[in-house]
Amino acid sequence: MDAPGLRDAPDALKGLRDDVYRRPLSTALSRLGLGRGWRCVDVGAGGGDVSVALAEMVGRDGRVYAVDSDPLARDAVARAAAAHAQVIALTQAAEDLILPEAVDLAFCRFLLLHVLEPAAVVRRMAGAVKPGAWVVAQEPVTSAGRIDGVALSMPDARHPDVGAILPALVRDAGLEVVDAWAEAPAGVGAGPVRSYLQSLTGVDPGDDPVVLPPLVTVIGRRPPGGPGTTR
Ligand SMILES: C[S@@+](CC[C@H](N)C(=O)[O-])C[C@H]1O[C@@H](n2cnc3c(N)ncnc32)[C@H](O)[C@@H]1O
């Protein structure tokens, strides 16, 4: 049986059943009213799971640009989105984001912790959306995660706790912060939380209780009539 709240997940997100962070994604997308015909960009798309979920929500009349700096991601997205002509995979650094059209939603998840300058990337995303349109960023506060009460660390990430300053990054990019919250999956013993941690760190927490890094979601909106941000 689904956990409370997951019953409200948009149908397309059912494809993300193994994604332990799908609940904040579902909440954010439901709040926007994302639907048919929307133009979106998924920045730092990785294997494209979220891009495909977005594509199913926007339908054939919509479009999803799946942008990643790693050329291998483009192949992975092409495979994942083989049945979705509305997904266009682009190899591009988020810092240089340029799209063929202004979009209704610029989205990123687990991206800003890896980039050199998170503020520059959020500004770029703000510049990619139409006036009145949306930027949604979901980033972790890694050190607030716990295994058996001990704080998590992610030495390979440039900004492992970038989620803690995410609302300010969105505001400083010239966007209105419409909503912001943090959510952390937790568990003990066998299950998706333990499997996720194991795949992320290579460490099996066994029977120790786990709180994964809280994911801070910020929903930002570009002012409808204002000057907005420049690219
Ligand atoms: C942890 S994965 C997240 C994938 C996906 N967003 C998700 O939530 O499942 C981070 C992705 O960001 C990409 N990335 C890292 N730095 C980037 C940059 N400067 N510009 C664009 N993509 C970048 C990586 O190649 C990787 O695919």
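Good morning. I begin with helix α2, residues 49–58, which lies across β1 (39–43), β2 (63–68), β3 and β4. Helix α2 runs at about 170° to β2. Helix α3, residues 71–80, also packs on the sheet, where it touches β2 and β3. The direction of helix α3 makes about 170° with that of β3. Please bear in mind that this is a predicted model.

Let me turn to the sheet itself. Seven strands form an open sheet in the order β3-β2-β1-β4-β5-β11-β8, and the pairing is mixed. At the edges stand β3 (87–91) and β8 (176–183). Each of these has a single partner strand, so one side of each is left without a neighbour in the sheet. On average, neighbouring strands of this sheet are turned by 15° against each other, direction ignored.

Strands of a sheet pair through backbone hydrogen bonds, in either a parallel or an antiparallel manner. With strand β4, residues 103–109, β5 pairs in the parallel sense over six bridges. Within that pairing, L105 has W134 in β5 as its bridge partner.

With strand β11, residues 215–221, β5 pairs in the antiparallel sense, over seven bridges. Here E139 stands opposite V216 in β11, and V135 stands opposite G220 in β11.

Thank you for your attention.

Terms used: Residues are numbered from 1 along each chain as its sequence is written. This is a predicted model: local features need pLDDT of at least 70, side-chain atom pairs count only at pLDDT 80 or more; totals for chains, interfaces and linings use all residues. Side-chain values use heavy atoms; hydrogens and water are left out. Two strands pair if DSSP finds at least two bridges between them. Helices (H or I, at least four residues) and strands (E, at least two) are DSSP runs, numbered from the N terminus. Axes are lines fitted to C-alpha atoms, for helices over the stretch in contact, and angles run from 0 to 180 degrees between N-to-C directions. Contact means heavy atoms within 4.5 Å.
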